[in-house]
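This briefing goes through a protein model one topic at a time. Keep the sequence and the 3D view open while reading.

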Amino acid sequence: MVSPSQVYRSTRSSDNEVKSFEAAVIQGLASDGGLFIPPTIPQVSEDELFNKWSKLSFQELAYEIMKLYISESEIPEKDLKDLINRSYSTFRSNDVTPLVKNTTGSSNNLHVLELFHGPTYAFKDVALQFVGNLFEYFLQRTNKDLPENERKQLTVVGATSGDTGSAAIYGLRGKKDVSVFILYPTGRISPIQEEQMTTVADENVQTLSVKGTFDNCQDIVKAIFADKEFNSKHNVGAVNSINWARILAQITYYFYSYFQATNGKKNKVKFVVPSGNFGDILAGYFAKKMGLPVEKLVIATNENDILDRFLKSGTYERSDEVAATLSPAMDILISSNFERLLWFLAREYLASNDDLKAGEIVNDWFNQLKTEGKFQVSSTAIEGALKDFDSERVSNEETIETIKNIYQISENPKHYILDPHTAVGVCATQRIMAKDNDASTHYISLSTAHPAKFADAVNQALSSFPEYSFEKDVLPEELKKLSTLPKKLRFVEKADIELVKVAIEEELAKMKL
Ligand SMILES: Cc1ncc(COP(=O)(O)O)c(C=O)c1O
Ligand SMILES: N[C@@H](CCOP(=O)(O)O)C(=O)O
């Protein structure tokens, strides 16, 4: 039997069509430009949460969550468990996403959730190790009895502001019947991030360094999905968080860290999430709506603050210029996944719980965004959003100050070093803690990347401390050798979809898949 939380519809659709999990994952983006969502969020009782789920390992928990969204008729229990176990066997921590408890001392419930123990040292690995195996699983099944020349091949096209790219490449390198093209903005990612992507020699991988911003890259990727001819010729697949499987795989760590922070008991918990494309925090929204008793999800942004502005004003407005900040992976003007939240808000507060009407409203909003550069959401919907979310904007100066401050005051461990994205989150957490002044609440601040990936910001904050050394205290051996490896990349002179399509087709022809 397929339950209502195991089918998917587009956020912009006003008809009854739904898709299976496999179709939603392989297609990536809906043909009307919307994102796939499960219109029904499955519910987990408190009894189940605190008497069963709180005792599970990360992998067991991932299985319990995923099976609510994936019908057994699509992925049988044994296969899903195998996919999950293989995906997390590549992590350097047994806990997969360990929680550093009481980082600033035992009288402060400030916990840092380290999400960077996967192959590329970024939170994206939690989802992309799984997504890579999932693509392979579906393709192997589709191609099982087909002759070589009829096999379905997937051309993955993704945009990155630094971290998704390498995590997608490491999730998909060497996989049969898949090629991967990653677009990134030239000069706007850190040297280590660039090395991680461009030193992967596997034939099915190609990076494209595009003269422009991350938003230009993301717009090109979405336009490629909308290009019917190109898409049907090449079966374009998505690794960005527009792909529902990315969000699904991230839900696990909200449950897992909640239980770690509270020792498996119900307690007041707030999550603080450094946000850009809104994929990470959206997974927290799903966890909350499934029944995890979370007080608030706090959106922490850098100076590119469309999300913070929206929650404060109700206007979703694209600004003209992206600011280059010290947390570059969050230098994003338009947050793709915000559309998924807007659909749930539209349905609950403006469409009397009617799925089709919600699709119509979201479609109108995004048409307005395209033509007028903004849209306004009613105060009822914003008040609804504020029941679940709070937001804070953090400047570059505050980011540096927070790295410094935590290095000085941390007790568990001493001299704890944050990456600048995590620092945006920790700065927001400290602000919220000061406002709340409530020692009984637990604050889980998501650490989205390893500090080694952002040497400039970390050194700027810490190089005045005589005992500090980036090489010794921060840089893992594995990343040291990247600079010595040969690089494979292709420049695209202008952020132009036609130039990108030509580059993809030329490189595809060279790959013997
Ligand atoms: C290190 C880091 N932190 C935070 C974010 C923001 O996450 P999201 O885009 O899911 O909001 C990103 C990129 O997405 C990232 O790479
Ligand atoms: N910060 C991201 C931007 C892409 O976001 P995604 O989560 O939608 O893939 C990155 O590091 O590339």
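Helix H12 (residues 306-313) lies across strand S10 (296-301) and strand S13, and its direction makes about 125° with S13. Helix H17 (residues 420-436) packs on the sheet as well, touching S4, strand S9 (269-274), S10, S13 and strand S14 (442-447). The direction of H17 makes about 145° with that of S9. The model is predicted. The points below cover its sheets, the surroundings of its ligands, an annotated domain and some details of the backbone.

**The mixed sheet**

- The sheet is open and has 6 strands, in the order S3-S4-S14-S9-S10-S13, with mixed pairing.
- Strand S3 (99-100) and strand S13 (389-393) stand at the edges; each has a single partner strand, so one side of each is left without a neighbour in the sheet.
- S3 pairs with strand S4 (residues 110-114) in the antiparallel sense, over 2 bridges.
- Leu 99 has Leu 113 in S4 as its bridge partner.

**The parallel sheet**

- An open sheet of 5 strands has the order S8-S5-S6-S7-S15, and its pairing is parallel.
- Its edges are strand S8 (236-237) and strand S15 (489-492), each with a single partner strand, so one side of each has no neighbour in the sheet.
- Strand S5 (residues 154-159) runs parallel to strand S6 (residues 178-185), and 6 bridges join them.
- Val 157 stands opposite Phe 181 in S6.
- S6 also pairs with S7 in the parallel sense, over 6 bridges.
- The bridge partner of Phe 181 in S7 is Gln 206.

**Strand S7**

- Are the residues of strand S7 (residues 205-210) buried or exposed?
- In S7, 6 of the 6 residues are buried, so the strand is largely enclosed by the rest of the structure.
- Val 205, Thr 207 and Ser 209 point one way from S7, while Gln 206, Leu 208 and Val 210 point the other way.
- The residues on both of these sides of S7 are buried.

**Around ligand 1**

- Ligand 1 is surrounded by 16 residues, and the closest are Asp 163, Asn 277, Gly 279, Ala 329 and Thr 448.
- By type, the shell around ligand 1 holds 6 nonpolar, 8 polar and 2 charged residues.

**Around ligand 2**

- Ligand 2 is surrounded by 13 residues, the closest being Thr 160, Asp 163, Thr 164, Asn 240 and Ser 241.
- The shell around ligand 2 divides into 1 nonpolar, 11 polar and 1 charged residue.
- Which helix gives the most to the shell around ligand 2?
- Helix H6 (residues 163-172) does, with 3 residues.
- Asp 163 is listed among the closest residues for ligand 1, and Asp 163 is also listed for ligand 2.

**Glu 321**

- Glu 321 is in the loop between strand S11 (315-317) and helix H13 (338-350).
- Glu 321 has 8 other C-beta atoms within 10 Å; a residue with 12 or fewer counts as exposed, so Glu 321 is exposed.
- Glu 321 and Asp 163 are 158 residues apart along the chain, and their C-alpha atoms are separated by 22 Å.

**An annotated domain**

- UniProt, in an unreviewed entry, places the feature "domain: Threonine synthase N-terminal" at residues 8-88.
- Over residues 8-88 the chain is 46% helix and 5% strand.
- The end C-alpha atoms of this stretch are 26 Å apart.

**Details of the backbone**

- Most residues other than glycine have a negative phi, and most peptide bonds are trans.
- The peptide bond from Asn 412 to Pro 413 is cis, with omega near -5°.
- Pro 413 is found in the loop between helix H16 (396-409) and H17.
- Asn 353 has a positive phi, near 65°, and is a residue other than glycine.
- The place of Asn 353 is the loop between H13 and helix H14 (355-372).
- Asn 353 counts as exposed because it has 10 C-beta neighbours inside 10 Å.
- Asn 437 also has a positive phi, near 50°.
- Asn 437 lies in the loop between H17 and S14.
- With 7 C-beta neighbours inside 10 Å, Asn 437 counts as exposed.

Terms used. Residues numbered from 1 in each chain as written. Chains lettered and ligands numbered in written order. Predicted model: local features only at pLDDT ≥ 70, side-chain atom pairs only at ≥ 80, totals over all residues. Near = placed C-beta within 6 Å. Helix = DSSP H or I, 4+ residues; strand = E, 2+ residues; numbered from the N terminus. Nonpolar A, V, L, I, M, F, W, Y, C, P; charged D, E, K, R; others polar. UniProt positions renumbered as here; feature names shortened; annotations may be inferred. Buried ≥ 20, exposed ≤ 12 C-beta atoms within 10 Å, placed from the backbone. Pairing = 2+ DSSP bridges. Contact = placed C-beta atoms within 7 Å. Axes fitted to C-alpha atoms, helices over the stretch in contact; angles between N-to-C directions.
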